[in-house]
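I am opening my notebook on a structure that is new to me. Come and look things up along with me.

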Amino acid sequence: MATVVPARGGVAYRRRWISRATIRKSGLLGGSIILILIVVAVLAPLLAPYPPNAIQFLHTLEGPSLAHLLGTDYLGRDILSRLIFGARLSLLGPLLVVGISTAVGVPLGLLGGYAGGAVDMILGRVYDLLLGFPPLLLAIAAVAAFSPGFTTAVLAIAIIYVPLLARVVRSAVIVERNKAYVDACKVRGFRASRIVFGHVLPVIVPTIVAQATLNFGYALLDLAGLAFLGLGVQPPTADWGVMLSEGRKFILLAPEEVLAASVTIAVAVVAFNLLGDALAQRYSSS
Amino acid sequence: MSFLRVRNLVTELRDNGGYTRVVRDVSLDVERGEFVGLVGESGSGKSMTARSIVRLLPPGAKSRGDVVLDGTSILDLAPSQLRDVRVHRMSMIFQDPRASIDPLYRCGDHLFDALHNLMGMKRVAARRRALELLTDVGIADPQWVYRSYPDELSGGMLQRVMIAGALASEAGFLIADEPTTALDVTIQAEIMAILEGLRKEKQLATLFITHDLELASMICDRILVMYAGLIVEGQTTAGIFTTPQHPYTAGLLRARPHLEHRRDRLEVIPGRPPRADEVPDGCPFSPRCAFIKPECTLRPPAVNEVSPGRFSACWRSAELADRLTP
Amino acid sequence: MLASAMLLLASSFVVFSLIAIAPGSPLQVLLGGRKVDRATALILEHRYHFDKPFLVQYGYWLRNVVHGNLGDSIAYRDTVASVIKSRVAPTLELGLYATVLVLVIGLTLGVIAAIRRGRRTDAVASFAMLIASSISPYVSGILLIWFFAVELRWFPVFSLGTGVSGRVYHLTLPAIALALGLTALLGRVTRASLSQALGEDYVQTARSRGFRERRVIFKHAFRSAFIPVLTITGVIAGYLISGAVLVEYTFGLNGLGSLLVDSVQSRDFAVVQAIVLIFTAVFLVINLVVDLLYVVIDPRTRLAEEGS
């Protein structure tokens, strides 16, 4: 899901059901899983038994064996190795998406929230426009215009995620703006930029981090989805979404690849959701 | 036999695995046409006492004791019987009218719904009666209020609507749970005037709950003072102010600022009331009491009739009589 | 309401502008890299008004769209409108099926959970729902295919079936895949908002006056709880649409979603534009209906609009 805050305002309903302790513990679980994934991605060359693109025509679509723990795909490449190397792009993509959307979204949110008035209204309309498209659709259209690929997919999704972050930041800024310490700063003659960056922003950082973590999970899902449709990362590059796409064709004969990719993606996304929820609960005021 | 007779009421709330006792052993009587004030600080158990009487407790809460309204034992009633009593024989008004009236329906519907669906009046008659009730509570333009949504009315107006809603049932017993706390002081006077008017007209037996001793004195015939889930004193209103029988009451009276006698510092009762889960053994007020003796911490206080109509939970009342007088 | 119309207009402008933003001349984008001789190129340039200023082009395009002329499909050598018409049915059916699942199951579960607030079972169930709602339709689609179609052989894979009952049978797995996460989301929101409504003071007032519990729940709690549920329904509509694209592709159904993906891959830009526009319009219309329903359910919104 691409939003914690539903597009038309409202509260994140997840938290009220589950006890705080459960969320905290699951947050740790999520964090650990993410850590493992990062380590795997970084140490891929050391961990993977085979090169990810090593084609072996004599060993196509083999089931799990001692030589190939998860079997091989339709070109004879080791699935486990592709999974391990795939972690690199599959994690890098969301990282870029979150990085870009945060770098753009936070300043916009600060601007709109603090300045208010016409600026805020115009920005709000732009967000409405971007969010007025069903999720992913705008990304698909952008890919159609600019031809499929990793870069296009990342940029398209990053643009769509900007309003998500901007709105959260904006709401938080509005809350802070009304507090007494901001008035105190104004009375002392601080410039707006100093108030915003020096005083308001530090308070908001935890909220940003929580939302960014959740966005990471959503971006992972969306990017893998685009790759799955053949519109993002292109084969033969090793990537979880690509593996889903390629493996799907052979689900009847050799489901290992598609299952491995599905489960990995699901686990990764859940992990980010758990961590993001835990962070949101820990640092939110609600 | 009193109209409402409560004896040894005990209520416990469920709380993370255990139970916390919020009403510890309350007994009281209310006669027809009598306004009895139940006065206490936040957390003293006054609201919970009222809710125990109408059985509006949170899930998991337990009550026991005797609650008899005009001959009917309330705590033993089955759900449908209880509903019947709620419709016809007892009514309640709450603290925050804006939170207590459904904002999605018109005010008229708040009354009409009960008259038509609970009391079986025909539509036309129900609407007419609703407008009458609105007039009874001093609303000048009942048609407009009938049509309006709660958002469009002021707090004072809404409280009148709530009172009208309570009157719709023609019940003999009314509980008013801090009806003016959420309102401005000027509006408070208006609402109190309405309640005073109703007292004369309808002869309701009323339990008036408040944290404001002065407010209770404006309208109540008798006042019961609550502390930590117990009733520590009960007298006529005049008696409470002239000859308090309990150190807590005396402390409350002394803590009031006076216009005439000027002092350097306001008097306070040292410490703070205990939370429901930290009530000490013996008399709950003892840690803060200026007249504490070793026996106070040994036995829980028993309410005794110091003189006709005057009850106190302090076993030293008679002895301390002069020193308690403000 | 005016705002929604403006939004629709602005969205259509964005969709239209993609052709200008894309690398290459608009004609090249439309042709998707295919080559034509100069004569044909000139004819096409004139037909699509590429020689005119940008806003004028937009005007022509918009007028065409309103009249049902969505352009021509390069890949299918037919009008876009007829290509879409031939592939719209499976998407509608899938969407309807999934919507029914989400609404019926999601609301029911949410209501039941709110009315019976248990302890252990709640924590477990809600944790499961958290996980379920994290899984995107294509992931659940694949897992469902594998488990039910391949392993258990309960359902057929990759086909549409014949007749009404055949269709329902074949669309069951895709519909479940699409509905799964969203059902969990709707259930959670319903449960949370109904729980909150049940705890409101006015619900207690109603009880104190002697109304039946069932009546209290239906008349007071439900109506208030419905507002957040309505909000999330608007959001869910969007996910149903984009999810349908993924599910159709996963299950090999030839609806509009897979047409969209094919068209992107075959660089048939006109079709892509048209489908994105249609989907967006549907999404915005649904949200418009949600806005209107707000006013019906909550008189306070109407008061706010009157005030401003």
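Entry one, a pair of helices. I am working with a predicted model, and I began with helix H1 (residues 2-21) of chain C and helix H4 (residues 54-66) of chain C, which pack at an angle of about 120 degrees. Their axes are 11 Å apart. Angles from 65 to 115 degrees would count as roughly perpendicular and those over 145 as roughly antiparallel, so H1(C) and H4(C) are oblique to each other. I noted a right-handed crossing for H1(C) and H4(C). Which residues meet there? From H1(C) I listed Ser12(C), Phe13(C), Phe16(C) and Ala20(C), and from H4(C) Phe54(C), Tyr58(C), Trp61(C) and Leu62(C). Seven residues of this contact are nonpolar, one is polar and none is charged.

Entry two, where chain C touches chain B. Chain C gives 17 residues to the contact and chain B gives 21. On the side of chain C, helix H9 (201-208), helix H10 (213-251) and helix H13 (299-307) each give two or more residues. H9(C) has the largest share, six residues. That side of chain C holds four nonpolar, six polar and seven charged residues.

Is strand S7 (residues 173-177) of chain B mostly covered or exposed? I found five of its five residues buried. Phe173(B), Ile175(B) and Asp177(B) point one way from S7(B), while Leu174(B) and Ala176(B) point the other way. In a regular strand, side chains alternate between the two faces of the sheet.

Then I looked up the neighbours of S7(B). Strand S6 (residues 90-93) of chain B runs parallel to S7(B), joined by four bridges, and Ser91(B) has Leu174(B) as its bridge partner. Strand S8 (residues 205-210) of chain B also pairs with S7(B) in the parallel sense, over five bridges, with Ile175(B) opposite Leu207(B).

Conventions
Residues numbered from 1 in each chain as written. Chains lettered and ligands numbered in written order. Predicted model: local features only at pLDDT ≥ 70, side-chain atom pairs only at ≥ 80, totals over all residues. Axes fitted to C-alpha atoms, helices over the stretch in contact; angles between N-to-C directions. Parallel < 35°, antiparallel > 145°, perpendicular 65-115°, else oblique. Left-handed = near helix turned anticlockwise from the far one by under 90°. Contact = placed C-beta atoms within 7 Å. Nonpolar A, V, L, I, M, F, W, Y, C, P; charged D, E, K, R; others polar. Buried ≥ 20, exposed ≤ 12 C-beta atoms within 10 Å, placed from the backbone. Pairing = 2+ DSSP bridges.
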